[in-house]
Amino acid sequence: MNISVPIGLVVAFGLMVFGMGFGKESPLESLSKFWDPPSVLITIGGMFATLLATFPLKILSRIFQNYPIIMGLRKQDPIYHITIMTDLSQEARKKGLLALEDSVAEIDDAFLRDSVVLIVDDMEPELAA
């Protein structure tokens, strides 16, 4: 697990609470000034509304799929990716970039597969010769 993410979140939250509670009044009195239901609704609701306005739902739905990767719960195998990239580069050097289209079906990683498709689709045939 990537320990820096939870540590960063705890430190950020702790500093935020400390900053809100730091004042001439008692800490509880200072913190109560920051907890106003309409303000919380505006802040959190505004954040979600901004995310919805900025990104399509298809991309927003991937946040939960990528959470294990962000937290370090699901590891990526670098050797697999290095092997695939080496094989693809050798094939492209021998046969040209358009030849990579045949290898797309063999790639398990969705990001890598989409990347190769973008390379192949963007390549114009007259430039490949």
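Start by selecting Val-104, which sits in the loop between helix 6 (78-95) and helix 7 (110-122). Helices here are DSSP runs (H or I, at least four residues), numbered from the N terminus. Val-104 counts as buried because its relative accessibility is 13%; buried means under 20% relative accessible area, exposed over 50%, and partly exposed in between (1.4 Å probe, protein chains only).

A word on what you have open: it is a predicted model, where local features need pLDDT of at least 70 and side-chain atom pairs count only at pLDDT 80 or more, while totals for chains, interfaces and linings use all residues. Residues are numbered from 1 along each chain as its sequence is written, and side-chain values use heavy atoms, with hydrogens and water left out.

Next, jump to Pro-27 in helix 2. With a relative accessible area of 51%, Pro-27 is exposed. Draw a distance to Asp-109, 82 residues away along the chain, and the C-alpha atoms come out 50 Å apart.

Then pick Gly-45, in helix 3 (residues 37-54). Is Gly-45 partly exposed or buried? Its relative accessible area is 33%, so Gly-45 is partly exposed. From Gly-45 to Ile-63 it is 18 residues in sequence and 18 Å in space, C-alpha to C-alpha.

Now for the largest pocket: select Phe-13, Met-16, Val-17, Met-20, Leu-31, Phe-34 and Trp-35, which line it. A pocket is an open set of points on a 1 Å grid over the protein atoms alone, where a 1.4 Å probe fits, with protein on both sides within 12 Å along at least five of seven lines; lining residues have an atom within 4 Å of a point. Helix 1 (4-21) and helix 2 (27-34) each supply at least two lining residues, and helix 1 gives the most, with four. Color the lining by type and you get seven nonpolar residues, no polar and no charged.

Last stop: Ile-7, found in helix 1. Ile-7 counts as partly exposed because its relative accessibility is 47%.

Methods:
Nonpolar A, V, L, I, M, F, W, Y, C, P; charged D, E, K, R; others polar.
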